[in-house]
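Work through the exercises below with the model open beside you. Try each task before you read its solution.

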Amino acid sequence: MGNKLPFCPGYNQSGPLNGIGCWATRGVYAANAYHFRGDYDYDYACLITNPTGDERFSAIGDITGYSGLTYNWPSSQLTIAFGYPVAAPFNGDVIQQIASVEWYETDTTPGDQASKYIGGDLTAGADGGGWFLSWRHPTAEFPDTDNNRFTDPAGAMNGPFLNGLTSHRRCRMNCSNPPSAGAGEFWQEMGSPVFRSTESDNQDASDIFNACLRNQ
């Protein structure tokens, strides 16, 4: 890969943010199950970036802030997903956001780990966008009913946490007819590998991401 793929945080319709710039990448880790077999249940990877950027002489996270990583949550979490969809009606220039509850899991390649699904209509180009738990302003109350930040889901006092990423789209039934306001399944679904940390699988999300972090 060398230094040919820049990572530009906060990219918008005008290009890289002035005063922020881009960081060149110098390595990548991906799960073998996806790289060699195309197994969506392992469709995640991470990039190793240079310690300094083309405008800022600091690590990316020192400029943008850091997100946590979390694993082994049941696939029923309220999720905020982001992406840059490029197919109509989007144009790829503006980041888009989806809010949805994770509905279910399915093992797309039987025998290994599974993928999980949310409702979402982001089009091609949104792949790789993060799924976050506890995405909100650090002093704000999560939109629930008890007005108590300490009971917010997934430790919202300490978020956000990366808990998935957009990998693929899936539709189970009635794909040409959106559901009504009171009935029906998601018209469009976005899938992510379930983020796991286990001793039995050396290709789960924690293994891949930790490989990047050790070499960052």
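**Exercise 1. A helix and its cover**

Which residues in H3 are buried?

Solution. The model is a predicted one.
- Step 1. Locate the helix: H3 spans residues 205–215.
- Step 2. Apply the cut-off: buried means under 20% relative accessible area.
- Step 3. In H3, the buried residues are Ala205, Ser206, Ile208, Phe209, Ala211 and Cys212.
- Step 4. Look for the cover. E2, E3 and E4 are among the elements that cover the buried residues of H3.
- Step 5. Recall helix geometry. An α-helix makes a turn every 3.6 residues, so residues three or four places apart point the same way.

**Exercise 2. The partners of Phe209**

Find which residues Phe209 is in contact with, leaving aside its neighbours within four places in sequence.

Solution. 
- Step 1. Start with burial. Phe209 has a relative accessible area of 6%, so Phe209 is buried.
- Step 2. List the contacts. They are Tyr44, Ala45, Cys46, Leu69, Tyr71 and Phe195.
- Step 3. Take the ring pair with Tyr44. The ring centres are 6.1 Å apart and the planes meet at 50°, so the pair is tilted.
- Step 4. Tyr44 sits in the loop between helix H1 (32–37) and strand E3 (45–49), and Phe209 sits in H3, so the pair ties together parts 165 residues apart in sequence.
- Step 5. Check the partner. Tyr44 is buried too, at 3% relative accessible area.

**Exercise 3. From pair to cluster**

How are the planes of Tyr71 and Phe195 arranged, and which residues form one aromatic cluster?

Solution. 
- Step 1. Take the pair. Tyr71 and Phe195 are 6.4 Å apart centre to centre, with 35° between the planes, and the pair is tilted.
- Step 2. Tyr71 is in the loop between strand E4 (68–69) and strand E5 (78–83), while Phe195 is in the loop between strand E12 (189–193) and H3. The two are 124 residues apart.
- Step 3. Phe195 has 1% relative accessibility and counts as buried.
- Step 4. The structure holds ten aromatic pairs.

**Exercise 4. Disulfides**

How many disulfides does a search of the whole structure find?

Solution. 
- Step 1. Count: the search finds two.
- Step 2. Take Cys8 and Cys22. Their sulfur atoms are 2.0 Å apart. The S-S torsion is about 100°, so this disulfide is right-handed.
- Step 3. Cys8 and Cys22 both lie in the loop between strand E1 (6–7) and strand E2 (23–30), so the bond ties together parts 14 residues apart in sequence. Cys8 and Cys22 are both buried.
- Step 4. Take Cys46 and Cys212. The sulfur atoms of this pair are 2.1 Å apart. The torsion is about 100°, so this disulfide is right-handed.
- Step 5. Cys46 is in E3 and Cys212 is in H3, so the pair ties together parts 166 residues apart in sequence. Both Cys46 and Cys212 are buried.

**Exercise 5. Cores**

Which residues have the most contacts inside the largest nonpolar core?

Solution. 
- Step 1. Size it: the core has 17 residues.
- Step 2. Name the residues with the most contacts inside it. They are Tyr44, Phe195, Ala205 and Phe209.
- Step 3. E3, E5, strand E10 (161–165) and H3 give two or more residues each.
- Step 4. H3 gives the most, with four residues.
- Step 5. Look for a second core. A separate one has seven residues, including Ala81, Ile98, Ile118 and Ala126.

**Exercise 6. Pocket and backbone**

Which residues are closest to the centre of the largest pocket?

Solution. 
- Step 1. Take the volume: about 2,000 Å³.
- Step 2. Take the lining. Of 50 lining residues, the closest to the centre are Phe7, Ile60, Gly128, Phe132 and Leu162.
- Step 3. Turn to the backbone. Ala88 and Pro89 are joined by a cis peptide bond, with omega about 10°.
- Step 4. Phi is near 70° for Asn72 and near 60° for Ser134.
- Step 5. Asn72 is partly exposed at 42% relative accessible area, whereas Ser134 is buried at 4%.

Conventions:
Residues are numbered from 1 along each chain as its sequence is written. This is a predicted model: local features need pLDDT of at least 70, side-chain atom pairs count only at pLDDT 80 or more; totals for chains, interfaces and linings use all residues. Side-chain values use heavy atoms; hydrogens and water are left out. Rings of Phe, Tyr and Trp (its six-membered ring) pair if their centres lie within 6.5 Å; planes under 30 degrees apart count as stacked, over 60 as edge-to-face and the rest as tilted. Buried means under 20% relative accessible area, exposed over 50%, partly exposed in between (1.4 Å probe, protein chains only). A disulfide is a pair of cysteine sulfur atoms within 2.5 Å. A nonpolar core is a set of buried Ala, Val, Leu, Ile, Met, Phe, Trp, Tyr and Cys residues joined through side-chain atoms within 4.5 Å. Contact means heavy atoms within 4.5 Å. On a 1 Å grid over the protein atoms alone, a cavity is a set of points where a 1.4 Å probe fits but cannot get out, and a pocket is an open set with protein on both sides within 12 Å along at least five of seven lines; lining residues have an atom within 4 Å of a point. Grid points are joined across faces, edges and corners, and a volume is the space filled by probe spheres set on the points.
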